[in-house]
Amino acid sequence: MPAISPAELEARLRLHLLPELGPRRLHKLLSAFPDASSALSAPAGAWRSLGLPASCAEPRRSEAIRERAAAALAWLEQPDHHLLMWDDPGYPALLAELPDAPPLLFVEGEPALLERPQLAMVGSRRASRPGMDNARSFARSLGGAGFVITSGLALGIDGAAHQGALDAGGQTVAVLGTGLQRLYPARHTGLASSIVEGGGALVSELPLDCPPQAANFPRRNRIISGLSLGVLVVEASPSSGSLITARMAAEQGREVYAIPGSIHHPGARGCHQLIRQGATLVESVEDILQALRGWQQLAPATQIEEPERRQGHLLLDQLLAAPMSSEALAQALGQSLAQVLAELTELEIEGRVACENGQWSARAG
């Protein structure tokens with residue numbers, strides 16, 4: 001927290017709560033006055049001269065705004081609750097580069113984590129089992145390499161990425177599209193607690209009591225990419241919000257990575273589209289680490305290759321490329337169906353493969 005007075009902090013919180021006063025307008029307002037207290041008490045005409053609509057200025061002195069600001073101040077008094085502001089020395093440097101960087105960031109957990117090298121992982125909410133396994137496996141390996149894994153706490157790939165980082169004993173950052181007091185989805189309340197307990201952080205630019213609203217999730221995505229050195233899209237359809245994150249990452253000068261998949265799987269088409277547009281095709285963790293070697297802090301890449309790759313199992317290699325039937329596997333490997341079925345049974349017992357609707361797929365170890 002910067003060394004500001006309680007009155008100035010309360011003024012900033014009240015400004016932050018005003019409707020239609022987004023990051024660009026709030027930056028403009030704060031640049032026009034010596035401080036937030038002055039901006040808050042300025043006449044409405046001064047706000048109009050800055051091109052700010054009356055809907056921003058009129059609620060400034062409302063009791064509701066005062067009460068919500070008081071509630072935010074009370075929240076900040078609790079352990080592990082923090083507020084990073086645009087002029088705070090601890091504000092994330094990469095995020096500060098954005099022209100629409102959030103003026104305020106609410107953080108539950110460890111705020112210093114936001115300055116560590118981060119890699120974002122995003123993808124479909126309705127991910128396939130192989131997609132979920134890939135997300136966990138890559139997050140475990142990248143977390144073991146010293147990267148903070150950043151995602152959006154959504155169902156599907158996001159949740160698997162957060163969990164994979166936790167499984168490796170690494171840290172992970174969840175950027176919410178709601179206020180920190182309105183965790184969404186509710187199914188991930190336990191995961192959110194595990195993130196904080198594991199030394200990670202929950203982050204939101206939105207007021208603490210802000211409920212889920214569709215327009216806020218694309219806004220959230222620019223923070224996910226803005227905090228990170230690069231974005232890995234694990235599995236996504238062409239209409240997925242993950243492609244918005246990837247586009248924002250490219251516009252922000254970040255690296256974009258994508259894992260290819262079967263041409264028959266709709267969830268691979270978004271990744272294939274990104275690869276056609278210039279994203280780096282990723283088949284292993286090494287493909288990412290080669291580009292980010294200077295940021296790697298812990299284990300060398302030779303120690304973090306995915307378990308399936310280390311084993312070099314021909315059958316698993318086939319299933320990592322795409323789900324297949326047992327008959328197709330036998331043909332691809334040049335083995336008898338009985339031999340393939342015996343190997344599949346053994347691997348299924350070990351939890352390394354699974355069968356769904358007649359199609360076998362590899363699972364992360």
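Modeller: Glu 20 is exposed, with a relative accessible area of 51%. Exposed means over 50% relative accessible area, buried means under 20%, and partly exposed lies in between, with a 1.4 Å probe and protein chains only. The model is a predicted one, in which local features need pLDDT of at least 70 and side-chain atom pairs count only at pLDDT 80 or more, while totals for chains, interfaces and linings use all residues. Residues are numbered from 1 along each chain as its sequence is written, and side-chain values use heavy atoms, with hydrogens and water left out.

Glu 20 sits in the loop that links α1 and α2. Helices (H or I, at least four residues) and strands (E, at least two) are DSSP runs, numbered from the N terminus. The backbone of Glu 20 has a positive phi of about 65°, although this residue is not a glycine. Most residues other than glycine have a negative phi, and most peptide bonds are trans.

Asp 80 belongs to the loop between α6 (63-76) and β1 (81-85), and at 45% relative accessibility it counts as partly exposed. A cis peptide bond, with omega near 0°, runs from Tyr 184 to Pro 185. Pro 185 lies in the loop between β5 (172-175) and α10 (189-197).

In α2 (residues 23-32), the buried residues are Pro 23, Leu 26, Leu 29 and Leu 30. Viewed down the axis of α2, they fall within an arc of 125°, so they line one face of the helix; the arc is that of the directions from the helix axis to the C-beta atoms. An α-helix has 3.6 residues a turn, so residues three or four places apart point the same way. Arg 24 and Ser 31 are exposed residues on the face of α2 turned away from its buried side.

What does the buried side of α2 pack against? Its partners are α1 (6-16), α3 (36-41), α4 (44-49), β2 (104-109) and α11 (216-227), where contact means heavy atoms within 4.5 Å.

Helix α9 (residues 157-167) shows another arrangement: nine of its eleven residues are buried, so α9 is largely enclosed by the rest of the structure. Among these buried residues are Ile 157, His 162 and Leu 166. The cover over them includes β3 (118-122), α8 (129-144), β4 (148-151), β5 and α10. After α9 comes Gly 169, whose phi is positive, near 75°.

Elsewhere, Leu 314 in helix α16 (residues 314-321) is exposed at 58% relative accessible area. Its C-alpha atom is separated by 7.7 Å from that of Leu 333, which is 19 residues away along the chain.

Finally, the whole. The protein has 18 helices and eleven strands. Its radius of gyration is 23 Å, close to the 21 Å that the globule rule gives for 365 residues, so the protein is as compact as a globular protein of that length. This radius is taken over C-alpha atoms, and the rule is 2.2 Å times the number of residues to the power 0.38. Buried residues make up 52% of the 365. Of the contacts between residues at least 6 apart in sequence, 69% join residues at least 24 apart.
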